[in-house]
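Please find below a note on selected side-chain interactions, arranged as numbered points.

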Amino acid sequence: MDFELSDEQAAIREMAAGFAAEAIAPHALEWDQNKHFPIDTLKAAAGLGMAAIYVREDVGGSGLTRLDAALIFEALSLGCPAVASFLSIHNMCAWIIDAYGSPEQRSQWLPAMTGMEMIASYCLTEPGHGSDAGNLATRAVRDGDHYILNGQKQFISGAGASDLYIVMARTGGEGPKGISTFIVPKDTPGLSFGASEKKMGWHAQPTRAVMFENVRVPAANRIAEEGQGFRIAMAALDGGRLNIAACSLGGAQAALDKAIAYMGERKAFGRKISDFQALQFRLADMATELEVARTFLWRAASALDAKSPEATRFCAMAKRFVTDAGFEVANQALQLHGGYGYLSEYGVEKIVRDLRVHQILEGTNEIMRVIIARALLGSR
Ligand SMILES: Cc1cc2nc3c(=O)[nH]c(=O)nc-3n(C[C@H](O)[C@H](O)[C@H](O)COP(=O)(O)OP(=O)(O)OC[C@H]3O[C@@H](n4cnc5c(N)ncnc54)[C@H](O)[C@@H]3O)c2cc1C
């Protein structure tokens, strides 16, 4: 057991942190306020290998590990968790095609996805089926060499801006075993998008519904066999949950750093507020929470890298613990700024708003407990 990062891992983290400091952090507040989706910045990140982190190298992927990805997403989120999180979703989509796609699908789609000339969105959730996605209703009916898709996806990150949609749709009977996965290009007739949702945070990326009205997709765009779609969607979420946890960690670390700096400047009752022991203890607890979160996140990432039978449970535990801890630390950092924490220019309230949704998406933290409990109790 080695708790030190290798030289290569330290260099990867430094590269991502440098990119976040130069290309993301200076613009994060403006992007949040203007609801700007910074596609050029995402493409620049792709140029550094961060759009296909754990995709194989023959199609332009970086061929790195899940632990490397956790380091990258934490570092990027020091700049903006919302931007980093979208990159995670694109990475999930690229990995689905790399891991489950045919050789033809890999060579058709991945070279453009690794450079983000093609941006991808992950389409699982529906208006009536979020946590119980295994009962989703979007249908894909075989018609010769095509499938015809009808239905609606809800809350899709990047929708409207993305070029490709990785869509889970029902080809068979009820339940998870009747679901298949399809690659749907944006320009396919019958594909349309709802209005951009007005939301609490994650303003630097659009969230929209995706509608399918008699959308004809070549059968060659089905990934893997019919009926494999739910398994594929869940496997992608194992990694996605680690990434989203890493995004919480980076955001919370940035908020903690801001609080430490602020406490050294702000005076109350004739003293710096950093002189109050009650507040020192709070800082100590915040830093401890984040260090515990980081250590366990790396443990879960190592389990996924090792294809451990415990990986899904560990990924759920990491997502639940790290996103809860990250939100609490960011919220405490806001409190330590007093009234100024509530003003947007200090940048802490944005982090709190961005991190709140990490407790909800990629499976809510209640659903993480369902997964953990199921693993503990077996099928009882
Ligand atoms: C900003 C944003 C971006 C998103 N991006 C994407 C995306 O790109 N792609 C995508 O597919 N989805 C996306 N989602 C959807 C997200 O994954 C879902 O919102 C989430 O899975 C919860 O589903 P729901 O909203 O339908 O809540 P529901 O499933 O209706 O849950 C409501 C409440 O009940 C609880 N609950 C439900 N079932 C149980 C149970 N068995 N035991 C205990 N508690 C339970 C939930 O935890 C929650 O608190 C996004 C959501 C948001 C807000």
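Predicted model: local features only at pLDDT ≥ 70, side-chain atom pairs only at ≥ 80, totals over all residues.

1. Residues are numbered from 1 along each chain as its sequence is written, and side-chain values use heavy atoms, with hydrogens and water left out.

2. Arg294 belongs to helix H8 (residues 277-305); helices are DSSP runs of H or I with at least four residues, numbered from the N terminus. Arg294 has a relative accessible area of 7% and is buried (buried: under 20%; exposed: over 50%; partly exposed: in between; 1.4 Å probe, protein chains only).

3. The side chain of Arg294 forms polar contacts with those of Glu74, at 2.7 Å, and Gln253, at 3.0 Å. A polar contact is a pair of N or O atoms within 3.5 Å; within protein, one must be able to donate a hydrogen and the other to accept it, and residues adjacent in sequence count only if both atoms are side-chain atoms.

4. The whole structure holds seven aromatic pairs (ring centres of Phe, Tyr or the six-membered ring of Trp within 6.5 Å; planes under 30 degrees apart are stacked, over 60 edge-to-face, the rest tilted). Phe296 and Phe314 are edge-to-face, at 5.7 Å and 70 degrees. Phe296 is in helix H8 and Phe314 in helix H9 (residues 311-336), so this pair links parts 18 residues apart in sequence.

5. Arg66 places its charged end over the ring of Trp95, 4.9 Å from the centre (criterion: NZ of Lys or CZ of Arg within 6 Å of the ring centre and within 35 degrees of the ring normal).

Technical notes:
Helix = DSSP H or I, 4+ residues; strand = E, 2+ residues; numbered from the N terminus.
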